[in-house]
Structures are given as structure tokens and as C-alpha cells.
Amino acid sequence: METIMNQFSNSEMTITYEPRVCINAGRCAKELSDVFRNSVIPWIDLDGAPSQSIISQVQKCPSGALKFHINQKVA
Ligand code: SF4
């Protein structure tokens with residue numbers, strides 16, 4: 001089975017979203033709607049809130065569909 005992965009990056013971090021894992025609880029869109037947007041593509045806007053707020057919200061995702069990592073700095 002093919003896995004569809006959505007990936008969103010800014011200069012600091014990368015968020016990945018796995019739609020097959022998402023249980024559509026809507027928690028991300030309810031609690032941080034400037035970043036996790038229901039009706040706009042791309043649906044994750046990393047300019048919508050400070051990075052720490054986005055990371056905190058990702059950590060609350062009940063299904064694990066949202067994940068993040070800090071981008072490696074290029075020396
Ligand atoms: S919080 Fe996680 S499980 Fe809930 S809608 Fe967002 S991505 Fe899906």
C-alpha cells in the first residue's frame with residue numbers, strides 16, 4: 001500500500017503529515033487555526049505562529065499523524 005506523506009518546511013523545521021494516520025479529531029485546526037487550516041492549500045502554514053507554538057501543537061496530535069524535526073543547519 002502506498003503511503004502519502006505531506007511535508008512542510010521553513011528555515012527552522014519540517015512538519016510532516018500522514019493523512020492515513022490522522023483520525024480527523026480536528027484538534028490541530030481547532031487549537032491553532034492560523035497554522036493548521038481546513039480549507040486552504042497548502043493546509044499547514046508555518047508562518048502562522050511561532051515555531052515553539054507549532055511544535056507544542058504537533059506534540060498534542062492524538063494519532064501521531066503530525067510529526068516534526070528541527071532542520072539541520074548547513075555549516
Ligand atoms: S491533531 Fe492530528 S489527528 Fe487530529 S486532525 Fe490534526 S493531524 Fe489529524
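**View 1. The largest pocket of this predicted model has a volume of about 240 Å³.** A pocket here is an open set of 1 Å grid points, taken over the protein atoms alone, where a 1.4 Å probe fits, with protein on both sides within 12 Å along at least five of seven lines. Its volume is the space filled by probe spheres set on the points. Count 19 lining residues (an atom within 4 Å of a point), with Tyr-17, Cys-22, Gly-26, Cys-28 and Trp-43 nearest the centre. Helix 1 (residues 27-31) gives the largest share of that lining, three residues; helices are DSSP runs of H or I, at least four residues.

**View 2. Gln-57 sits in helix 2 (residues 51-59).** With 6% relative accessibility, Gln-57 is buried, that is, under 20% relative accessible area with a 1.4 Å probe and protein chains only. Leaving out residues up to four places away in sequence, Gln-57 touches Arg-27, Cys-28, Glu-31, Leu-32 and Phe-36, where contact means heavy atoms within 4.5 Å.

**View 3. Ser-56 is also a helix 2 residue.** Ser-56 is partly exposed at 29% relative accessible area, the class between buried and exposed (over 50%). From Ser-56 to Ile-23 it's 33 residues in sequence and 19 Å in space, C-alpha to C-alpha.

**Notes for these views.** Residues are numbered from 1 along each chain as its sequence is written, and side-chain values use heavy atoms, without hydrogens or water. Since the model is predicted, local features need pLDDT of at least 70 and side-chain atom pairs count only at pLDDT 80 or more, while totals for chains, interfaces and linings use all residues.

Technical notes. Helix = DSSP H or I, 4+ residues; strand = E, 2+ residues; numbered from the N terminus.
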